[in-house]
Amino acid sequence: MDVYDYKGIKEGKYAQGEIEAINKDEAAYKLRGQKLIITSLEKSKTKSIKEKIVEKKKSKNIGGKVPPRDILIMTKALATMIKAGLPVLEAIGMAKEQVNNKKLVPIMEEIYKNVESGQPLSESFEKYERNFDSVYINMVKAGEASGKLDGFLVRLVEVLEKREKIKSSIKGALFYPIILFTIAMSVMILMLVKVVPIFVEMYANMNVELPGSTKMILGASEFVRGKGGLFTLIIMISLYSLHKFTMRKNYNYRKFFHRFFLKMPLFGNLILKSILARKALIMGNLASAGVNLLENIDIASTVTDNLIIRESMENIKRGVFSGTDLSTLYRKETIFPLTFAQLVKVGEKTGNIEEIYSSIARYYEDDFDNAVAALSKTIEPIMIVFMGVIIGVLLLALYSPIFNVGSIIGG
């Protein structure tokens, strides 16, 4: 049986994929039976669906999950060598020799064998979807289709570098506050478990009336050291496990949290700006390769797992089908800032949509960098004060009875 690539509309939504059939007529008949309005149906040049499934199953046993940093280094080496004029196969062979990650080495060896046997580079990468996402695959496909693989690999390196930069910026902004918070919590627990019991014995022998704050600290210590601490830990672990399970299984619960992430004070705006910067960068690169708008929107939506963004992109894609301007569709989706829609409108009017997307990416990257810097300046003093207050309250509550005794004796 042959494989046919199809695109169309199903229940008001854009749909695309592959279907096996004896001929084109049977493929069309099957798709109409699925209530699909066909907009494109062509015989696939790739392998059959069953062969792809078998190959993907085999590929899962090769290598493993590779850190994004190692994927970036390999891609940069590959881009440099192809740009220098080396044939693709030779470039892959040389890039393979420079790979140090033990999980990536067997993957690169398989990719080399596949390309050597005549398989397209994008299809070879596609088998290892755990390490090469849809953005990666489609950028390589765009390079192959346009005959400018070297240029698109350079752009892909830029995309991966921006992604890593955003991750490291967020980690950098959070690292110091998290360390301070961890130290504060560790000191508090250590004092409740090791230090407070000493004061319990001391105050029991002194036979003095304890202030309310001291009683509260002593009670907290007894709770933490007893079954209460263990019970609280078990509850926290159970709630976390339940949260992770529900996030995987329940769409509405996942959507609720994804909306919450975008609305979070301080961090929500930061997350949105990072997504918009990556999305604009990818859409600009794909548009310059001649990738049609619907596929471009589809690929760009994979830059994030956030369901709010993805649903908005799906709404925009449906609007494109009906002939509505892209800028108007972005304006309707409240998750996208008005600036984003206005810049896209400028691109539509001037016909330079690729350049506009690059400008949008730079705009939100700069905005993101400024937001990260501002966040660092805001959080660090807050965490220092928090740490001081926690330790100060503990010490004051523990020593206040001693001060009271001193004043009574002095009187």
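1. The largest nonpolar core holds 69 residues. Such a core is a set of buried Ala, Val, Leu, Ile, Met, Phe, Trp, Tyr and Cys residues joined through side-chain atoms within 4.5 Å; buried means under 20% relative accessible area, exposed over 50% and partly exposed in between, with a 1.4 Å probe and protein chains only. Ile111, Phe125, Phe132 and Tyr330 have the most contacts inside this core. Helix 12 contributes its largest share, 9 residues. Helices (H or I, at least four residues) and strands (E, at least two) are DSSP runs numbered from the N terminus.

2. This is a predicted model, in which local features need pLDDT of at least 70 and side-chain atom pairs count only at pLDDT 80 or more, while totals for chains, interfaces and linings use all residues. Residues are numbered from 1 along each chain as its sequence is written, and side-chain values use heavy atoms, with hydrogens and water left out.

3. Tyrosine 330 is in contact (heavy atoms within 4.5 Å) with Lys279, Met283, Met313, Ile316, Phe336, Phe340, Ala341, Val344 and Tyr357, leaving aside neighbours within four places in sequence.

4. The second largest pocket has a volume of about 900 Å³. On a 1 Å grid over the protein atoms alone, a pocket is an open set of points with protein on both sides within 12 Å along at least five of seven lines, whereas a cavity is a set where a 1.4 Å probe fits but cannot get out; lining residues have an atom within 4 Å of a point. Points are joined across faces, edges and corners, and a volume is the space filled by probe spheres set on them.

5. Of the 32 residues lining the second largest pocket, Arg163, Lys167, Arg278, Val303 and Asp305 lie nearest its centre. Two or more lining residues come from each of helix 3 (68–83), helix 7 (134–146), helix 8 (149–206), helix 11 (251–263) and helix 12 (267–288). Helix 8 gives the most, 7 residues. The lining has 14 nonpolar, 7 polar and 11 charged residues, where Ala, Val, Leu, Ile, Met, Phe, Trp, Tyr, Cys and Pro count as nonpolar, Asp, Glu, Lys and Arg as charged, and the others, Gly among them, as polar.

6. There is 1 cavity of 30 Å³ or more. Helix 8 and helix 17 (353–410) each supply at least two of its lining residues.

7. Lysine 7 belongs to strand 1 (residues 2–10). Its relative accessible area is 22%, so lysine 7 is partly exposed.
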